[in-house]
Structure formats: structure tokens, C-alpha cells
Amino acid sequence: MAEAKPQRIKIHWIAQFQEGWSIYKQNILGKIGLTLLVIFALMALFSFLPPLIDPMYHPMTGVDPVISSSTGPSLKHWLGTDFMGRDILSQLLAGARVAFMVGVSAAFMSIFLGTAIGMISGYMGKFVDTFLMRLAEVIMVMPTLLVTLILAALFGQLSIWAIVLVIALFRWPGVSRVIRAQTLSLKQRPFIEAAKVAGASHVRIIFRHIMPNVLPLSFLYMTFRVTSAITIEAALAFLGFGDPSTVSWGMMLQWVWKTGHMFKAPYWLLPPGICISLITLSFYMLGRAMDEVLDPRLRREG
Amino acid sequence: MDLWRYIGRRLAQIVIIFFVILTVLFLVFRLAPGDPITRMVDPDMTPEDAALLIAQLGLDQPLHIQYIYYVKNFFAGQFGDSFHYGQPVLDIIKHRLPNTILLFTTSIILSALVGVFLGKIASWHKGKKTDTGMTIGALVTHTLFLPWLALLLIWIFAYKMGWFPITGMVSEDIWLDPTSQFWQKALDVGHHLVLPLGTLFLFHFGSYLLIMRSSMLETLKEDYILTARAKGLTEKVIRNRHAAPNAALPVVTTVGLSLAFSINGGALTETVFTWPGIGRELVFSVSQNDYPLAQATFLLITLVVLVSNLVVDVLYAYLDPRIRY
């Protein structure tokens, strides 16, 4: 897909950023995505607030003393309450925090792994390359969600960080393939030859000369990895294998589904699903807009 | 022929990859906390039956001997008995597999065909309203949270409208009635199939649309399209006969590469609709701690992904004469 990237000579990072931003701004979908993400970030930020106002707004343990079943939206509970009388809005806010936490940390780890492995594989070639790429293939044929399910079966309840770790460990191969292809083409360029002739070590070549050229691509893939991490965690929680001590959007959907409220309580069924779908969509749009910044061929009239 | 050598090489790779997965799964199941015997032998079994099964699976042997047993049993189709069903795992899989194939393959084929068709149209109207609408529609449906989409469809079309059954794959009154004709049964399954198929279709067609669209835009810049224009061919002929078949190739690759990802979605859909397939069985077996069933279904799914990847590679080589291995 987005493989051959234009060679960028290092000018000033700030100038480069400004140039990229001016292209990004022209992309309407990119702007919508960014706006939505800011809203979600604010939600995550304000998730600390409700429990401070009143303990009954605590997303996990707070129960309204006078409500013991699911009720529709009211002044006291803007989005209604769940089957135990917990406030849905504060759960939704807490869910935003979990989504960012899971998405960004899992994506960061898998991108880190994918970039490092891709560069090493492409640069070293030979046995190292064969070994790493076969390893990538082994991981790629295993559906991540099902792997996590099997691990949950064997090791019992997985904590949220264990889930993040598993997602990170199983989502790097796609990235590493792209980075490897990019590294292979960079390796042929004269400036790498020049660095070698000048006596630079392998480590120096990889980190000083190859890495700056593949990093934009890594960041692009990070947005797509964020979406996949959020979806996998949500699906896992939905199936009942999430971390029982965190309130995530997937968990909320599981509660609606398992307590048989899906036909009775649209005020409860709709918000978490809309949030998961929208946050995925916004990261996706962000990624596509970034793709346009990085790849001039994709720009309008290009 | 070169193609056969290529297939042979890929086949060898697949066998190796599968063995690696088989081995990793063996180690994970044996090294996880807890006793492997309690994990593979149903706690409700009589002691005699349990002893027989332990001997059959080699669980009383040291680890490396166990591994030999494990591989041998795998090729003999011996996966032990399911705790929950009390039947050989292989029998359960045999019953569930056709259901999954029915739902999964129809959804992939349908969404790929529609995605390619719509992607072609979108690319042709690049920058216009049709294109913008389709791109946004594809982005939105593709990023919907799949189980939630399934719940929504059930809520609207099965619960509110009452057009389709809420869950399951067959209606008992039709299937248990000896006077039912084959077509009645087929119609019944088709009726149950609509919503899960619709869920998977809505979720998948968008990605094919987007890929087809960008691939078409690339293809339209090729020299042979210019040649076709210079020859005075109509736009329709250029689009349908010259550009589209070439542009559809990346879609074929994507179907193969995203298969593992699609299987996640398939398992979720089967679970929400209680469609009696392999994916639901895996989710169910995990929640029941039915380890023999979980292990076997997982292996089967990876095997299917591997083989399908090979099929896609071969198909690609067949479809694109420029690619010769």
C-alpha cells in the first residue's frame, strides 16, 4: 500500500511540521477526526470529575442509593443508570480514559517493536532477515483476539496491562514488513554508502541514517494500530474476558448484552457503541490525512 | 512449470509455520500454571475412562514423549473429548465447520464483489458527491464496532420489525417436522442467515471499496489506459475492461492478508447471533474452560488461515500474468 515514500532530506523539523500541517488542514476528514479526538481526550480528562462530585457517580462502585435498576436519562443521571444503578455518563467518561490508555500504549509498543524489527531485518538481511520475517508470518496467521482468548483461558483473568502487552506482541508484524521494505530501498541509497565509507557503525547507520527516514511511516501506522488495539480490547471485554476492575466501553456493552437490556435500554446500548465506533473512525481519518501529508501522490489533483 | 515450484515452496513454508504454531500451543498449554491433566481430562469422567484418556494423550509421560503423542494424535484427528459436550472434539468440529464456512465465505465473497463494484464507481466520480458519499460511507461502516453493529441490527430488524429471527441458525419446528421439504429447511437457514451475513457484509465491504478505489485511481494513470483512450474506446469499455480487472488485483491480496482479522469478526458475529460455528465454539469453550475444544478449534482456525493464504497467492499468480514465480 503506502510503501515508496519520498526521500526527505532533514531540514528543520519545525518547518517540516508547518508544511505538513498546512497540507493536513486542507483535508476535511482529517480535521473532523482531530476534532473528535480532542473531544474524546476532554472526556478522558473529565472522567476524574464525577466521583469527586458525589461518590455515587463512581463508574465502578458508585451506586445511586435510591435506584437499583436501569433507568432512563434524568437530571441526576444525564444518560441514565445501568442495572445496578450506576451512572452511565461517568462510565462513558471512564471508558474514554481506558480507550486512550489501551490504544496509545499498545500501539506505541507494537510500533516500537515493528520499527526496530523491520529496520534490523531489512538492514542485516540474510539469516536474521529470514528468521524475523518467518516469525512475523507465524504471528500474522493467528487472529489476535482469539490468541488473547486462549491466553485468558489458560492464565485466568487478564489484567488490562496484560491485554495491552499481548496486543502489542501480536500486532507488530504488519508494521515491520512495511519498515523492512522501506529500509531495503534506503539501503541502496548513496548516503548510506557514504556513511559506511566514512566508517559509521551498523548501529549508527540504523539509528542516525535509516531511522529518521522511516519514523514518519511508523507514526502513520501507529494511528491504525491504535484503532486495532482499542477494538480488540473492546471485543475482549464484550465477550466477558476484559479486566473486571476497569470500566471500558466494551465492558459496558457486555453488561447491556448479558443482563438482557439490549432491547429495553437504548440509552444504555447506544452510547458505548457510538463511542467505540467514533474513536476508531477518528483515528482512522487521522491516519488517512497523515498518509496524504507523507505521500504527495495521494494529494488532491496529484 | 514455475508456478508448481512456487506452490511447492509455499506449501513447505506453511507446513513449517504450522508446526511452529502446533509446538508453541503445546508448550503454552503445558507450561501455563495448573496441571495439564486437569486441563485435558474431563473432571466428570469415571476413573477408568480418565486413565484411558491419559494413556491415549500420553499425559503420564515426560514432556518430550508427550510432544510426540501430541503430534501423532493431531494427525490421527485425536483431540480428546470436549468437557462440555462429552463428545470427541473432532465430531463437534465436523458439525460446526459447514456452518462457519456458509456464513464466512458468503460474507467475504459478497462484500468483496460489492466493494469492488462500488469502488470502481467511486473512483470514476473522483472528487464528486458520489465519491465523497461512498468514501465516507465506507469509512463509517468499516469502523463500526462489530458486535455493537450486530446488536443494533438485531434490535431494529429482529426485535422492532420482527422480520428476522433474533438468534440461532434453524427453527426447531421446521427441522424437527418430518414432513418438511428440503427447500423449506434451506429457506429457514437463509432466513436466519440474513442478519449475521448483513453484519459481516456491512463491516467488510467498506475496506474493499476503499482499496478498489485507490487501486483504480493508480491504474487509470497507466500508459495502457492512455493507449486505450487514444484508440477511441468508450469510457465504459476502458473502465470495465481495461482498468477494473487490473485494479481488482490488490483486493485479492487484501482478502488473503486480512483473513486473520476477518476471523476475529466472524467469531464475534457468530457469538452474538449464537450461530453454531467454529468461532462461537472457541469463545464458548474458553468461557467454559473446555481446553481440548479450545485447543483444537484454535489450531483449525490457524490452519484455515494458512491454507487460504496459499490459495490467494496462487489465485493472484493465476490472475496476474505479469507475476511469475
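Two residues are in contact here if their C-beta atoms, placed from the backbone, lie within 7 Å. I start with that because the term comes back throughout; helices (H or I, at least four residues) and strands (E, at least two) are DSSP runs, numbered from the N terminus.

This is a predicted model, in which local features need pLDDT of at least 70, side-chain atom pairs count only at pLDDT 80 or more, and totals for chains, interfaces and linings use all residues. Residues are numbered from 1 along each chain as its sequence is written, and chains are lettered from A and ligands numbered from 1 in the order in which they are written.

Chain A, then. It has twelve helices and zero strands. Its C-alpha atoms fill a box of roughly 75 × 45 × 35 Å along the principal axes. Of the 302 residues in chain A, 47% are buried. Buried means that 20 or more other C-beta atoms lie within 10 Å of a residue's own; exposed means 12 or fewer, and partly exposed is in between, again with C-beta atoms placed from the backbone. Take the contacts in chain A between residues at least 6 apart in sequence: 70% of them join residues at least 24 apart.

Chain B has 15 helices and zero strands. The box for its C-alpha atoms, taken along the principal axes, is roughly 80 × 55 × 40 Å. Buried residues are 35% of the 325 in chain B. For contacts in chain B between residues at least 6 apart in sequence, the share joining residues at least 24 apart is 68%.

Next, the interface. How many residues of chain A are in contact with chain B? There are 33, and they meet 36 residues of chain B. On the chain A side, the elements giving two or more residues are helix 5 (126–140), helix 6 (144–155), helix 10 (202–238), helix 11 (249–258) and helix 12 (266–294). Helix 6 of chain A gives the largest share, nine residues. By class, this side of chain A has 26 nonpolar, six polar and one charged residues. The classes are these: Ala, Val, Leu, Ile, Met, Phe, Trp, Tyr, Cys and Pro count as nonpolar, Asp, Glu, Lys and Arg as charged, and the others, Gly among them, as polar.

Now helix 5 of chain A. At 1.5 Å a residue, its 15 residues should span 21 Å, and its end C-alpha atoms are 21 Å apart, which agrees. The expected span is 1.5 Å times one less than the number of residues. Which residues of helix 5 of chain A are buried? They are Ala136(A), Ile139(A) and Met140(A). These residues cover an arc of only 100° around the axis, which puts them on the same side of helix 5 of chain A. The arc is that of the directions from the helix axis to the C-beta atoms. An α-helix has 3.6 residues a turn, so residues three or four places apart point the same way. On the other side of helix 5 of chain A, Lys126(A), Phe127(A), Thr130(A) and Phe131(A) are exposed. The cover over the buried residues of this helix includes helix 7 (160–170) and helix 8 (173–187) of chain A, together with helix 13 of chain B.

Over to helix 7 of chain B, residues 146–160. Its 15 residues should span 21 Å at 1.5 Å a residue; the end C-alpha atoms are 20 Å apart, which agrees. This helix bends by about 25° at Ile154(B), the bend being the angle between axes fitted to the seven residues ending there and the seven starting there. Among its buried residues are Trp148(B), Leu149(B) and Ile154(B). The buried residues of helix 7 of chain B pack against helix 10, helix 11 and helix 12 of chain A, as well as helix 9 (182–219) and helix 13 (259–272) of chain B. After helix 7 of chain B comes Gly162(B), with a positive phi near 70°.

Last, the core and a loop. A nonpolar core is a set of buried Ala, Val, Leu, Ile, Met, Phe, Trp, Tyr and Cys residues joined through C-beta atoms within 7 Å. In the largest one, of 147 residues, Leu146(A), Leu149(A), Val256(A), Leu209(B) and Leu282(B) touch the most other members. Helix 10 of chain A gives the largest share of this core, 17 residues. Beyond its neighbours within four places in sequence, Leu149(A) is in contact with Phe241(A), Leu282(B), Val283(B) and Val286(B).

Gly240(A) sits in the loop between helix 10 and helix 11 of chain A. Gly240(A) counts as partly exposed, because it has 18 C-beta neighbours inside 10 Å. Neighbours within four places in sequence aside, Gly240(A) is in contact with Gln254(A) and Ser287(B).
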